[in-house]
Amino acid sequence: MHNNNNDGRPERAASGAGLSVCDTCGDSSCSATRRRSGESDQEFRERQKLEQRMCRIRRKIVVLSGKGGVGKSTVAVNLAVALVMAGKKVGLLDVDIHGPSIPTMLGLKFGSGQGVGDELLPIDLDGLKVMSLGLFLPGEDEAVIWRGPMKTALIRQFLKDVAWGDLDFLVVDSPPGTGDEPLSVCQMLGRVDGALIVTTPQRVAAVDVRKSISFCRQLRVPVLGVVENMSGFVCPHCGNITPILCAGGGQQLAEEMKVPFLGSIPMDPKIAESSDHGRAFLSHYADSPTARIMREIIQPLETLVDGSDNKTECGKEKELSNKD
Ligand code: ADP
């Protein structure tokens, strides 16, 4: 038995002693309810705050790539915008600390980030909640020269202290590769519903994608699929798609690695133009053939929240596993 507040919710136990049920998900088995052995009061409170914040997010999708410049942020932005257009409550978190490009892509001012009390406020862009380190930097050209622990602390703060509220989806734009930041993000998010891996068609990109898939498997993050970007060129005059890099690398690799292939996005000057002008391609060029292709790739992901496993789940920082 536990005591109830006036509003019927279970009463919070004394500081550091744990809760009988989680404030957010109401589950007594939630890892936010109990202090772990060896955990100090402060560590417990911090973890509890993080896990309770994550409890209010139904689905978490991480966008990964083996290397930079393949269109990972482009896919993350357009995935988030497509989900908002489908009526979902969506957050977009840019954890590309050394190259935060989400503010530029969405026309948000560098340095416009705000906090109230101990919370950071995401920017609300027509229903999309956006957070990026760029919002707290004086300008686009500011270099962030940080070592691992500072980056890990920032990622924790972005998950724990941002007023995300209740979300259907959190889309995370991760830095490229399999280093500290993607690892910290995947561990701190608790349950990650899936990773989207973005690549380009060339065979040299394949090695990096294999690494990204192996990274997901070690962390037990389901791979939602591989997206091949910059696959062919859309002629701005006639609209025809011409293959300019060897095509099909992403699909072949997905088959080899036994993960879903979600589709190919052509190189379209309108994508580069819209991100340079701070406009989301999918909403700005909604009727273009490339936008249709993008929507077909993204659409299956919209149904993730409508699946049978609908409840939120408090996160537990995950251990690395060497099992496939
Ligand atoms: P990453 O996040 O992998 O570093 P970005 O998403 O920042 O890559 O994309 C790099 C650049 O390429 C951006 O200027 C973006 O607008 C452009 N870009 C990405 N995908 C396409 C595409 N399919 N067609 C045209 N330009 C693209």
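The ligand sits among 17 surrounding residues, with G71, K72, S73, T74 and S275 the closest; a residue is near the molecule here if its C-beta atom, placed from the backbone, lies within 6 Å of it. This is a predicted model, in which local features need pLDDT of at least 70, side-chain atom pairs count only at pLDDT 80 or more, and totals for chains, interfaces and linings use all residues. Residues are numbered from 1 along each chain as its sequence is written. Two or more shell residues come from each of α2 (72–85), β9 (223–234), β11 (261–267) and α8 (269–276). Helices (H or I, at least four residues) and strands (E, at least two) are DSSP runs, numbered from the N terminus. Sorted by class, the shell around the ligand holds six nonpolar, nine polar and two charged residues. In this scheme Ala, Val, Leu, Ile, Met, Phe, Trp, Tyr, Cys and Pro count as nonpolar, Asp, Glu, Lys and Arg as charged, and the others, Gly among them, as polar.

Axes are lines fitted to C-alpha atoms, for helices over the stretch in contact, and angles run from 0 to 180 degrees between N-to-C directions. The crossing of α2 and α10 is right-handed, meaning that the near helix is turned clockwise from the far one by less than a right angle. On the α2 side the contact uses N78, L79, A82 and L83, which meet M294, R295, I298, L301 and E302 of α10; contact means C-beta atoms, placed from the backbone, within 7 Å. That makes six nonpolar, one polar and two charged residues.

Helices α6 (residues 204–218) and α7 (residues 249–257) pack at about 40°, axes 10 Å apart. α6 is therefore oblique to α7, as angles under 35 degrees count as roughly parallel, over 145 as roughly antiparallel, 65 to 115 as roughly perpendicular and the rest as oblique. This crossing is right-handed. A205, A206, V209, R210 and I213 of α6 touch G249, L253 and M257 of α7, giving six nonpolar, one polar and one charged residues.

Then there are the positive phi values. R220, not a glycine, has phi near 55° and lies in the loop between α6 and β9. M230, also not a glycine, has phi near 60° and belongs to strand β9. R220 is partly exposed, with 15 other C-beta atoms within 10 Å, while M230 is buried, with 23 (buried is 20 or more, exposed 12 or fewer, partly exposed in between, with C-beta atoms placed from the backbone).

Note on methods: Two residues are in contact if their C-beta atoms, placed from the backbone, lie within 7 Å.
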